[in-house]
Amino acid sequence: MQAKLRDLLITNILAIVLGLVASGLMLLFLGKNPVNAYSVLITSVVRDGYTFADIFVKATPLMFTALAFAFTYKANLYNIGAQGQFYIGAVIAAAGSLLLQNILPGWLVLIITLLLTIVGGGLWGAFIGFVKAKYNSNEFLVSMMSTYVALAIMNYSLRTFLMETKAEYPQTDALAASVWLPRIIPGTRLHIGFVLAVLACVGVWVLLYKTTLGYRIRAVGYNAGAAEMSGINAKKLYILAFFISGALAGMAGFTEVNGVQHMLVQGFNPDLGAAGIGIAILANGNPIGIIFAAVLFGALKVGGTIMGQMSGIPSSIIELMQGFVMVFVILSYFVRTWLENNREKRKLRKAVAK
Amino acid sequence: MIYLLSVTIMMGTPLLFGALAEVIAERTGMMVTAIEGIFLMGAWAGFVGGYLSGSLTVGFLAAMLAGLLVAGLYGWICIYLNQHQVVTGVAINLLVVGLCSFLHRVIFGVPITPLTVNPLATIPIPLLSKIPLLGEILFNQNILTYIIYLLAPFSYFMLYRTSIGLTIRSAGENPEAVDVAGINVLKVRFLAVLLAGVMGGVAGAFYSIGFLGMFTTNIIGGRGWIAFAICFLGNWNPKGAVIGTLAFGFAEAIAIYMQSIGNSALFPNELFIALPYIMTIVLTISRKSFSVPAKLGVPYLKEN
């Protein structure tokens, strides 16, 4: 177990470094010195509290979408529609806040909106589980397609009932300051949503590993047939797992709208879902590991944005870094299996020699 | 209506390229979940090749090569390193988005006016295109459209009537048997994925240089996934793929048509844009029986 954990850490760190090196090499095409670029990046990320805190701001929604993927993954189900569930959450958060902000006190609006996004994102996700359970539909396909439907719904609402009063751009009016998520460090953008995300990670860990429900979900993931034999209702679990998964992704919409943007803008955060999957696999599906992996991806995002502000480096460097890191992380899975097999073989040889 | 049907056939072209590619690969047991990335890479490489050389042929060759490279990476990780197909696909798709937009910037900088090429011209077939109605719909298309609708029956024949087809199908149903027959399962799968890459690259390039004449990073917008879905809904059969393609091509044609006439009060544009995706969900639900290749998505590990 000790050796396994060591392998995990070393190979993952190596994967991250290689991913960054590969993206750095791409900078050569632009005639930029990657060493310079990265040193500017690192110094500017830690330059001031605002930028540094932004890492955790960016990590917040990523934790939710990563949890969304990891949770169903434990039941051997693929929810690759976290992006859509996030959009639904964001639309509900914006609509709920705008509707209630002048009627109710701010804190109450926040709580109601949070609950609404949980239910909304959850139901949007549960639909996938429902058709999987009832009609044996392919959840991978349905979740992917539901993202595009959610995108259309968001675009529609931004063009119609949620459109700003000026009616100029496809975005909502700004939310009243009373329904903004409170900042936890003054002078930065770091809001209480980050705490919520960390709590969600811990909560999902407890749910998965310390409760009967979590045990059942994992049992279905290991062997659905055997789980069914032992009296676990797999179909009910599909729906429930997808509800929780969708609710988690929906909460990302809440923290982004009420915590960061304070409005809903068309097409914002288009890669949360994909990055979430990357984080989940980097963390090996472990909810606690997701906290750290999400912070890393947050740092890539902040760093990439800073790089993008430097002369002549496009902001697509962010996707490039994320993509390379993800590919190398997948390769590190292979290296880990290989290392472990070698270890087993050595053990066997030793035993034979004795 | 003639216009709609003609657009249906045309918009079906890349979907059929992708769906047939996916059918062949999935029959060997490989879901090509990198298809969205392959499409995008093909669209980008096709545009770059076509723009820089001034020749669309070069563009399509570049697209094939780009698709081949992406598929090669995907196949290497999934087949030879036994990694997870869904997860690998998602990672590669994200990487491709980054690569395309980054390299596009490297090559073209920030152009003031959008760069364009002249898209593929239609080639009316003599005599046949003069047939009323049908001629306009079927025989006044571009070269790729003719090619793919001819390739569809050919691939059906190959899958079900030749020994290559038998090998392909067996690799997905009973890889052990293929192995015993002395055929390298991994190689069969890898070659099928590479073929899917080449076809997917052409499909992607169809969007950039086959019909729009330009490139943006959201040019594919889930069409790769639609091709992926058509393969599922068409029951892993070229015949089903053609039917599915026509249905989705029609949905796209309606979307294009509705957008061109502006917003109607009754049905918002977004509904038509989302139509192919909604259709996929509805069809996935309503299909009762599937003949999924038995080893779809399962890596083949030889015991030694």
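Modeller: Let us start with one term: two residues are in contact if their C-beta atoms, placed from the backbone, lie within 7 Å. The model is predicted, so local features need pLDDT of at least 70 and side-chain atom pairs count only at pLDDT 80 or more, while totals for chains, interfaces and linings use all residues. Residues are numbered from 1 along each chain as its sequence is written, and chains are lettered from A and ligands numbered from 1 in the order in which they are written.

Colleague: Thanks! Which residues does A:Ala293 touch, not counting those up to four places away in sequence?

Modeller: Beyond that stretch, A:Ala293 touches A:Ala66, A:Ile279, A:Leu282 and A:Ala283. A:Ala293 sits in helix H12 (residues 287–309) of chain A; helices here are DSSP runs of H or I with at least four residues, strands are runs of E with at least two, and both are numbered from the N terminus. Look also at A:Ala59: its C-alpha atom is 8.7 Å from that of A:Ala293, although the two are 234 residues apart along the chain.

Colleague: Is A:Ala293 buried or exposed?

Modeller: The test is a count: a residue is buried with 20 or more other C-beta atoms within 10 Å of its own, exposed with 12 or fewer, and partly exposed in between, the C-beta atoms being placed from the backbone. A:Ala293 has 27 other C-beta atoms within 10 Å, so it is buried.

Colleague: And what does A:Ile279 touch, leaving aside its neighbours within four places in sequence?

Modeller: A:Ile279 is in contact with A:Leu62, A:Ala66, A:Ile290, A:Ala293, A:Ala294 and A:Phe297. As a general idea, nonpolar side chains tend to be buried together in soluble globular proteins. A nonpolar core is a set of buried Ala, Val, Leu, Ile, Met, Phe, Trp, Tyr and Cys residues joined through C-beta atoms within 7 Å. The largest one here has 223 residues, and the members that touch the most others are A:Met63, A:Ala66, A:Leu67, A:Ile279, A:Ile290 and B:Val202.

Colleague: How do I read each chain as a whole? How many helices and strands does chain A have?

Modeller: Chain A comes to 13 helices and 0 strands. Its C-alpha atoms fill a box of roughly 80 × 60 × 35 Å along the principal axes, and 52% of its 354 residues count as buried. Among contacts in chain A between residues at least 6 apart in sequence, 77% join residues at least 24 apart. The radius of gyration, taken over C-alpha atoms, can be set against a globule rule of 2.2 Å times the number of residues to the power 0.38. For 354 residues a compact globule would be near 20 Å, and the 22 Å of chain A agrees.

Colleague: What about chain B, how many helices and strands are there?

Modeller: Chain B has 12 helices and 2 strands, in the order α-α-α-α-β-α-β-α-α-α-α-α-α-α from the N terminus on. The box around its C-alpha atoms is roughly 60 × 45 × 40 Å along the principal axes, and buried residues make up 53% of its 304 residues. The radius of gyration of chain B is 19 Å, which agrees with the value near 19 Å for a compact globule of 304 residues.

Colleague: How should I read a pair of packed helices?

Modeller: Two packed helices are described by the angle between their axes and the distance between the axes. Axes are lines fitted to C-alpha atoms, for helices over the stretch in contact, with angles from 0 to 180 degrees between N-to-C directions. Take helix H1 (residues 2–29) and helix H2 (residues 34–45) of chain A: their axes come within 8 Å and cross at roughly 120°.

Colleague: What do we call the arrangement of H1(A) and H2(A)?

Modeller: Under 35 degrees is roughly parallel, over 145 roughly antiparallel, 65 to 115 roughly perpendicular and the rest oblique. H1(A) and H2(A) are therefore oblique to each other. Here A:Gly24, A:Leu25, A:Leu27 and A:Leu28 in H1(A) meet A:Pro34, A:Ala37 and A:Tyr38 in H2(A). The residues of this contact divide into 6 nonpolar, 1 polar and no charged.

Colleague: Last one: which phi does A:Asn76 have?

Modeller: Most residues other than glycine have a negative phi. A:Asn76 has a positive phi of about 60° although it is not a glycine. A:Asn76 lies in the loop between helix H3 (49–74) and helix H4 (82–100) of chain A, and is partly exposed, with 14 other C-beta atoms within 10 Å. In chain B, B:Asn82 has a positive phi near 60° and lies in the loop between helix H3 (56–80) and H4.

Definitions and conventions: Ala, Val, Leu, Ile, Met, Phe, Trp, Tyr, Cys and Pro count as nonpolar, Asp, Glu, Lys and Arg as charged, and the others, Gly among them, as polar.
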